[in-house]
Amino acid sequence: MTDPTVEEFARDAEAWFAENTPADPGFMLPLTFMEVGEDRQFDFLRDWQRKVYEAGFLGAAWPAEYGGGGLTDAHQKAATRAMRNAKAPIFLNAIGLNWAGPLILDTGNEAQKSAYLKNILSAEDIWCQGFSEPDNGSDLGNAQLKAVRDGDDYVLDGSKIWTTQGNYADHMILLARTDPDAPNKYAGLSFFLAPMKIPGIRTQKLQKLTGEYGFTQTFFEGARIPASTLIGGEGNGWKVAMRTLEYERGARGGQAGGYVSISPDMMGVLDLARQVERDGAPALDDPVLADQMLDHLMDMHALSLGNERRRLAPLVEDHPTALPMMAKLEFSELFRAVSQFALTLLGPKAAYYVGEPNSADDGWWARSYLNAFSATIGGGTSQIQKNIIGEHVLGLPKTR
Amino acid sequence: MASAPDISDRLGRMGLSEEQADLMRVAAEFCREQSPPERVRTLIDDERGYDPAVWRQIGELGWCGIATPEEHGGAGLNLAEIVPVAEHMGRTMMATPFLVSTLAAEAILAGGTDAQKSHWLPRLAAGEIVGTLALGEAGDQMTALGTAEDGGAMVSGRATLIEHAAAADIIVLAFTQSGTARLAILETERLPEGALRRERIIDDTRRAYELTLRTFELPAANLMPAETVTAARERVELAGALLHAADMVGGAFRVIDYTADYLRTRTQFGKQIGSYQALKHPLVDAFVGYEKARSHLYAAAHSYGSASGRPGARNDMSGEIAVRMAKAQAERAYAFAADRAIQFHGGFGFTYDCDAGLHRRRALWNASRHGDARAQKKKLAKLLF
């Protein structure tokens with residue numbers, strides 16, 4: 001059987017999503033994979049991911065021997081476009097699909113690839129991430145959770161925080177300290193693909209700014225994990241973690257496809273601006289609001305132009321890494337600013353929140369704005385991103 | 001949510017032509033060699049304000065005639081091909097009548113008679129002569145009060161902010177005749193003594209003059225047809241916005257680079273000052289602003305064809321929208337970068353010797369030409385909302 005062309009695949013995907021995208025389940029679905037706070041949300045989204053995977057529209061570009069579709073990125077992009085057009089729900093297994101998966105594909109050994117990749121795609125195994133600790137957030141290199149070698153195992157003691165879907169997860173990508181006496185803090189770190197459903201690991205839900213759940217604090221008390229779950233070799237954890245963050249920040253490719261969050265797009269906020277009235281006139285007749293709308297529009301368009309510019313070598317020669325390194329900072333800050341602007345547009349109705357029948361769009365923009373901080377803080381705060389850009393792109397001295 | 005008409009197909013698209021890529025390399029080297037910082041300083045004290053030898057070389061390189069049709073001695077390409085040239089002139093703060101002379105040629109191309117095009121365009125395209133613009137700044141009053149024997153106009157009044165007028169051979173001059181807007185090609189060799197007064201402008205890398213005329217005769221052969229005036233003015237406005245956006249994006253790059261260099265070398269409290277986030281983060285903000293403006297610039301350069309009425313161009317507004325966005329974004333980026341550059345150089349930043357000040361002044365000049373950000377956004381709101 002020959003592979004379908006991208007056009008054929010796109011047609012199939014359009015048809016499939018038109019047919020299979022589920023109707024409103026009658027309860028609120030999370031905007032992002034970080035707000036999966038109820039069992040019914042979890043079950044619904046897990047079923048959905050499995051269904052899409054089984055239809056061939058997730059992981060289309062991952063190798064067939066590990067459960068992928070064996071096709072190209074262009075195929076997967078076409079499928080992702082189709083799900084967006086159909087306004088399909090998000091995929092919940094974000095950390096598996098976008099960070100752990102590409103990492104294992106690129107740097108894992110054969111046994112790890114065979115063991116994990118297919119179940120990431122099917123959502124059979126849910127993945128979470130153990131990077132931040134209560135006392136070590138932006139200073140990730142100072143992570144203190146202990147992993148002590150004992151025979152064929154490592155014994156874990158300590159705590160991780162902001163563990164998305166920690167209460168549901170089967171595996172965790174874990175940054176732990178294997179050598180407290182290493183010459184510098186980075187050299188003492190190692191990276192594990194740790195099992196979660198074992199004795200000695202316990203999670204506690206955290207309520208978020210939006211009022212929803214979805215994060216846990218995760219406690220490790222003498223939990224034993226096999227040494228075979230180490231990836232990248234002992235003492236190389238920092239390097240592996242940095243690579244993982246590149247997947248997370250969109251600076252490196254290999255993700256399985258689809259989307260794991262719903263963000264306001266350019267049209268969404270413009271639609272809102274065209275619909276709402278202020279002082280009895282269309283909001284965009286107000287020159288102040290029109291001016292602000294234009295600034296946001298230009299910023300949003302600059303971001304998509306920047307993505308296209310990355311491919312034009314003469315236009316990125318001066319600072320080849322600048323555009324990918326800026327992406328996370330720019331996207332997350334824009335998402336926050338645009339959501340906040342939407343609340344400005346709403347005027348008196350900005351007083352309402354999710355669940356209130358008198359609210360506009362069921363409080364979508366209020367939740368979107370508060371949720372936006374997950375991206376300006378998570379994955380390295382915007383301030384850390386500015387340090388990285390300042391140091392790695394502009395060559396400024398390190399901040400200590 | 002309900003959905004309103006999609007505007008994304010009216011926005012500029014990214015692209016780069018082979019000509020642009022080639023010109024980028026050549027222009028980068030040329031501008032670096034011909035406009036090093038010490039040369040910029042020397043020319044500030046020079047009355048003419050630019051180096052005629054460099055101008056001759058620019059002519060020989062064919063850059064003045066990129067957008068001039070082949071029948072008039074040019075290369076017949078899209079004007080946007082020279083965006084990289086303007087960008088690198090901005091990076092090196094080059095003192096040159098290149099932009100304004102190019103725009104004068106655009107005015108004649110869009111508004112001149114066949115005879116005027118044949119006479120002036122080949123010489124402008126070759127860089128043999130310098131053209132400039134007096135299209136009517138705020139407060140200008142230039143009026144034709146009588147008719148000359150050959151049907152020409154006798155004009156009186158005042159025009160301001162005419163770039164490089166003292167060195168220019170021709171001025172494309174706006175005036176009103178019986179309430180109608182007109183354009184003419186004024187030959188400066190016929191100007192009486194004292195007609196031009198050098199104005200003190202904020203940008204010392206450029207020159208501008210006030211022109212005062214008293215019943216000055218513009219021969220009929222030099223008047224552009226009244227019906228082409230609007231087209232010519234619109235063409236110059238958009239081309240001018242594009243090229244000045246390029247100049248500003250170039251300037252923003254350099255002033256950020258210049259400041260980063262200082263933050264790496266200057267030490268206070270025993271540390272390089274670039275290690276302080278109070279300086280590092282705003283410089284990154286400036287850099288991000290620059291990168292965004294550059295994306296808009298090259299989208300404008302790629303989409304400009306659709307605004308210039310060329311054959312095969314998309315018959316839509318995306319070129320105009322892209323150019324106006326680029327001008328507005330470039331102004332914001334350059335102004336912020338240069339403003340912070342002055343501050344971050346501390347006491348040295350307050351001296352005339354620091355290039356940050358030259359950049360801030362150049363940014364203000366560029367912003368004021370062919371519509372500032374406010375004017376661009378006002379038009380964008382009309383085009384998009």
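In this predicted model, helix 7 of chain B meets helix 8 of chain B through B:Leu242, B:Ala245, B:Ala246, B:Val249, B:Ala252, B:Phe253, B:Ile256, B:Thr259, B:Ala260 and B:Leu263 on the helix 7 side, while helix 8 contributes B:Leu279, B:Leu283, B:Ala286, B:Phe287, B:Tyr290, B:Ala293, B:Arg294, B:Leu297 and B:Ala300. Sorted by class, this contact between the two helices of chain B has 17 nonpolar residues, one polar residue and one charged residue.

**Geometry of the helix pair**
- Helix 7 of chain B and helix 8 of chain B pack with their axes 10 Å apart and at an angle of about 155 degrees.
- Because angles over 145 degrees count as roughly antiparallel, helix 7 of chain B is described as roughly antiparallel to helix 8 of chain B.
- The handedness of the crossing between helix 7 of chain B and helix 8 of chain B is left-handed.

**Nonpolar cores**
- The largest nonpolar core holds 163 residues, and the members that touch the most others are B:Leu173, B:Leu242, B:Ala252 and B:Leu297.
- Helix 7 of chain B, which spans residues 229-265, gives the most to this core, contributing 18 residues.
- When neighbours within four places in sequence are left aside, B:Leu242 is in contact with B:Ala80, B:Val83, B:Ala300, B:Tyr304, B:Val323 and B:Ala326.

**Contact between chains A and B**
- Chain B brings 38 residues to the contact and chain A brings 39 residues.
- On the side of chain B that touches chain A, the elements giving two or more residues are helix 1 (18-34), helix 7, helix 8 (277-303), helix 9 (318-344) and helix 12 (373-384) of chain B.
- Helix 8 of chain B supplies the largest share of that side, amounting to 13 residues.
- The side of chain B that touches chain A is made up, by class, of 22 nonpolar, ten polar and six charged residues.

**A:Ile384 in chain A**
- A:Ile384 lies in helix 11 of chain A, which covers residues 382-392.
- With 19 other C-beta atoms within 10 Å, A:Ile384 is partly exposed, because a residue is counted as buried if 20 or more such atoms lie within that distance.
- The C-alpha atoms of A:Ile384 and A:Leu329 are separated by 9.3 Å, although these residues are 55 residues apart along the chain.

Technical notes
Residues are numbered from 1 along each chain as its sequence is written. Chains are lettered from A and ligands numbered from 1 in the order in which they are written. This is a predicted model: local features need pLDDT of at least 70, side-chain atom pairs count only at pLDDT 80 or more; totals for chains, interfaces and linings use all residues. A nonpolar core is a set of buried Ala, Val, Leu, Ile, Met, Phe, Trp, Tyr and Cys residues joined through C-beta atoms within 7 Å. A residue is buried if 20 or more other C-beta atoms lie within 10 Å of its own, exposed if 12 or fewer, and partly exposed in between; C-beta atoms are placed from the backbone. Helices (H or I, at least four residues) and strands (E, at least two) are DSSP runs, numbered from the N terminus. Two residues are in contact if their C-beta atoms, placed from the backbone, lie within 7 Å. Ala, Val, Leu, Ile, Met, Phe, Trp, Tyr, Cys and Pro count as nonpolar, Asp, Glu, Lys and Arg as charged, and the others, Gly among them, as polar. Axes are lines fitted to C-alpha atoms, for helices over the stretch in contact, and angles run from 0 to 180 degrees between N-to-C directions. Angles under 35 degrees count as roughly parallel, over 145 as roughly antiparallel, 65 to 115 as roughly perpendicular and the rest as oblique. A crossing is left-handed if the near helix is turned anticlockwise from the far one by less than a right angle, and right-handed if clockwise.
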